[in-house]
Amino acid sequence: MSPLLEVAGVAKAFAGNAVLQGVSFTIAPGEIVGVIGPNGSGKSTLLNAISGFVALDAGTLTLGGQPLHGLAPDKINGHGLARTFQLPAMPERMTVFEVLLAADNRRHGFWRSLLGGPAQREQEARTRAAAEQLLDELLLRAVRDNAAAALSGGQKKLLSVGCALMGKPRLLMLDEPTAGVHPNLRNDMVRTLKALAARGIALMIVEHDMHFIGELCQRCIVLDRGRIVAECAPAQLAENPQVLQAYLGSEHPILEAAL
């Protein structure tokens, strides 16, 4: 199977400090890949580089054969790459359902959908149906008409995933999706994300929760000081000397216990 995402030789430095150094990997359609590493290893910068929020110093990015490097975030999103952020901000005066509707980048707006003819009205109906379905999948039905800004931290994370999915992405990148999510919702999130992958959506997940990584991911990419030091299945992390060295400089019993 041809790769969906190809990252080749990506490098980025800030004020002379090399944060990413020749990072290369691929992700296949429907694959779930975890990106892990100690604090400061370059995980968030890698997500920002791929999604267009920071410019590359070197390297190339392609999605389905389409070059992404040098494009603005909205253009990259239009090619089928969506992402979430660690601390999602939500509008003060929009409901959960309205936020989902607004997140569909194919939508033409309420009045234009009414005045623009059958095609626009059909698109509006599809958008509303997709939003209603996501409310159920993400367990947000009970807060459908609540103000999005008033949600709990975990619910905002779930809503941000829903917003990303409204654009029908081929690749979804999640930045610490379990942070602030109630433990009772973790299993539901695992189930939902696996269902997305079964539909062919690739997932790239930056996460510190090793239990979550172990439950969900098929493969892990381990960063340390801007370089990939290991690529392996989650079950192999605790046995990999390069991974142990990256985290503590020695054996890591906590990592072993988590996996």
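I looked up which elements line the largest pocket of this predicted model. Helix H2 (73–78), strand E6 (81–83), helix H3 (96–102) and helix H6 (153–166) each supply at least two residues. Here helices (H or I, at least four residues) and strands (E, at least two) are DSSP runs, numbered from the N terminus. H2 gives the most, with 4 residues.

Next I noted what a pocket is: on a 1 Å grid over the protein atoms alone, an open set of points where a 1.4 Å probe fits, with protein on both sides within 12 Å along at least five of seven lines; lining residues have an atom within 4 Å of a point.

The lining of the largest pocket has 27 residues, and Asn77, Arg83, Phe85, Cys163 and Ala164 lie nearest the centre. I sorted the lining by class and found 17 nonpolar, 7 polar and 3 charged residues. Nonpolar covers Ala, Val, Leu, Ile, Met, Phe, Trp, Tyr, Cys and Pro; charged covers Asp, Glu, Lys and Arg; the others, Gly among them, are polar.

Then I turned to the second largest pocket. Its lining includes Ala130, Gln133, Leu134 and Glu137, along with Lys168 and Arg199. Helix H5 (residues 118–137) gives the most here, with 4 residues. By class I have 5 nonpolar, 1 polar and 3 charged.

A note on conventions, friend: residues are numbered from 1 along each chain as its sequence is written. Local features need pLDDT of at least 70, side-chain atom pairs count only at pLDDT 80 or more, totals for chains, interfaces and linings use all residues, and side-chain values use heavy atoms, with hydrogens and water left out.

Last, I checked confidence: pLDDT (the predictor's confidence in each residue, from 0 to 100) averages 88 for the protein, and 89% of the residues score at least 70.
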